[in-house]
Amino acid sequence: RKVDLEKVQERLTHYAPHGLFALLPCFAALLALFYRRRHQRYGAHLLFALHVHAFAFLWLIPAQLIPESASGGWLATLESIWYWGIPAYLVLALRRVYGGRWHAALLRVVALGACYGLIALLALLGGLVLAAVL
């Protein structure tokens with residue numbers, strides 16, 4: 001059957017924040033795995049994951065306010081730099097909450113980003129299939 005790509009894209013755009021919120025327990029589980037020697041309960045990791053996601057959602061608001069017509073200008077450059085604030089904040093937050101060395105926190109952010117990105121990609125592909133079917 002024929003799939004309306006605009007409708008699929010609109011559904012994905014609409015439900016992407018919901019999907020990221022649904023992936024919150026997965027991020028907490030990754031934190032529990034990466035910091036298993038800290039012997040903290042899963043709830044503490046979940047609370048930290050909620051904090052990081054809330055920060056990311058708030059941090060992304062200004063980038064969403066940049067008009068699409070600004071592509072190629074200084075606003076587009078600022079937008080591309082702006083997104084690096086989330087991993088930078090995550091490094092600072094991991095050091096503050098879990099402690100450890102800077103290079104270890106940086107390596108964990110890279111590994112967390114890779115694992116979480118893979119999980120999010122799989123969820124996105126599942127959402128794409130659902131959006132095309134429904």
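These legends walk through several views of one predicted protein model.

The model is predicted, with local features requiring pLDDT of at least 70 and side-chain atom pairs pLDDT 80 or more, while totals for chains, interfaces and linings use all residues. Residues are numbered from 1 along each chain as its sequence is written, and side-chain values use heavy atoms, leaving out hydrogens and water.

**View 1. The fold of the protein chain.** Six helices and zero strands make up the pattern α-α-α-α-α-α; helices are DSSP runs of H or I with at least four residues, strands are E runs of at least two, and both are numbered from the N terminus. The C-alpha trace spans about 50 × 40 × 20 Å along its principal axes. Among contacts (heavy atoms within 4.5 Å) between residues at least 6 apart in sequence, 64% join residues at least 24 apart.

**View 2. A leucine patch and Leu121.** Leu118, Leu121, Leu122, Leu124, Leu125 and Leu128 form a nonpolar surface patch of about 550 Å². Leu121 belongs to helix α6, residues 102–133. Leu121 counts as partly exposed because its relative accessibility is 44%, between the limits for buried (under 20%) and exposed (over 50%).

**View 3. Surface and burial.** The accessible surface of the protein chain is about 9500 Å², with 70% belonging to carbon and sulfur atoms. Of its 134 residues, 22% count as buried.

Terms used
Patches are made of residues with over 30% relative accessible area and no salt bridge: like charges are joined within 9 Å, nonpolar side chains (Val, Leu, Ile, Met, Phe, Trp, Tyr) within 5 Å. Accessible areas come from the Shrake-Rupley method with a 1.4 Å probe; for residues, only the protein chains shown count as cover. A salt bridge is a side-chain nitrogen of Lys or Arg within 4 Å of a carboxyl oxygen of Asp or Glu. Buried means under 20% relative accessible area, exposed over 50%, partly exposed in between (1.4 Å probe, protein chains only).
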